[in-house]
Amino acid sequence: MTLASAALLTLPLSGAAFADARPQPAATAKAPQPTHSNPVTPTVPQDQLVKGRDDARRFALKVSVDPDRVRAGDSYDVTIAAKGLRSGTAVVTSPEGKSYRVTLSDGEATKTLTVPSKAKPGSKTVTVKVGNKTATASFDVVAPRPQRDERHRGHDGK
């Protein structure tokens, strides 16, 4: 092999080395873009929400009391409807301030409460909280039925 042919063989290799040695523009790394999400309260897991057209994290909370007139000492039902929510937990607070945890099934639940027998007549309010939403329902308490007192009757029952 001659000196000229050896030079021709190494030239393409060294030329490639020079081509790689040219300055290249520095690679720029993009910072990851933050993701924005609306927080959902822990009592309403995201996988339990029904996907809707607008926003899967929204649901409508409605509460009702039946009957709407309750005698002191009698019971009433608090009905909870969380439309757009499959399951979760509701906290029902009675007019007396007692709280009860209720499990929602298909977004609905009913809790039966009793008006204390010594409750004063008037308008009362039940509060229900699901996640970060609160709803109320009002009802009227009426006087209890008069008690028949056997002590004031005569021996013949009259």
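Two strands are taken to pair if DSSP finds at least two bridges between them, and strands (E, at least two residues) and helices (H or I, at least four) are DSSP runs numbered from the N terminus. The model examined here is predicted, so local features need pLDDT of at least 70 and side-chain atom pairs count only at pLDDT 80 or more, while totals for chains, interfaces and linings use all residues. Residues are numbered from 1 along each chain as its sequence is written, and side-chain values use heavy atoms, with hydrogens and water left out.

The protein chain holds one helix and eight strands, in the order α-β-β-β-β-β-β-β-β along the sequence. Strands E4 (residues 87–93) and E5 (residues 99–105) pair in the antiparallel sense over seven bridges. Threonine 93 has serine 99 in E5 as its bridge partner. Five residues separate the strands of this hairpin, where glycine 97 takes a positive phi near 95°.

We turn next to the aromatic rings. Rings of Phe, Tyr and Trp (its six-membered ring) pair if their centres lie within 6.5 Å, with planes under 30 degrees apart counted as stacked, over 60 as edge-to-face and the rest as tilted. By this rule there is one aromatic pair. The ring centres of tyrosine 76 and phenylalanine 139 are 4.4 Å apart and their planes lie at 35°, so the pair is tilted. Tyrosine 76 belongs to strand E3 (residues 75–83) and phenylalanine 139 to strand E8 (residues 133–142), 63 residues apart.
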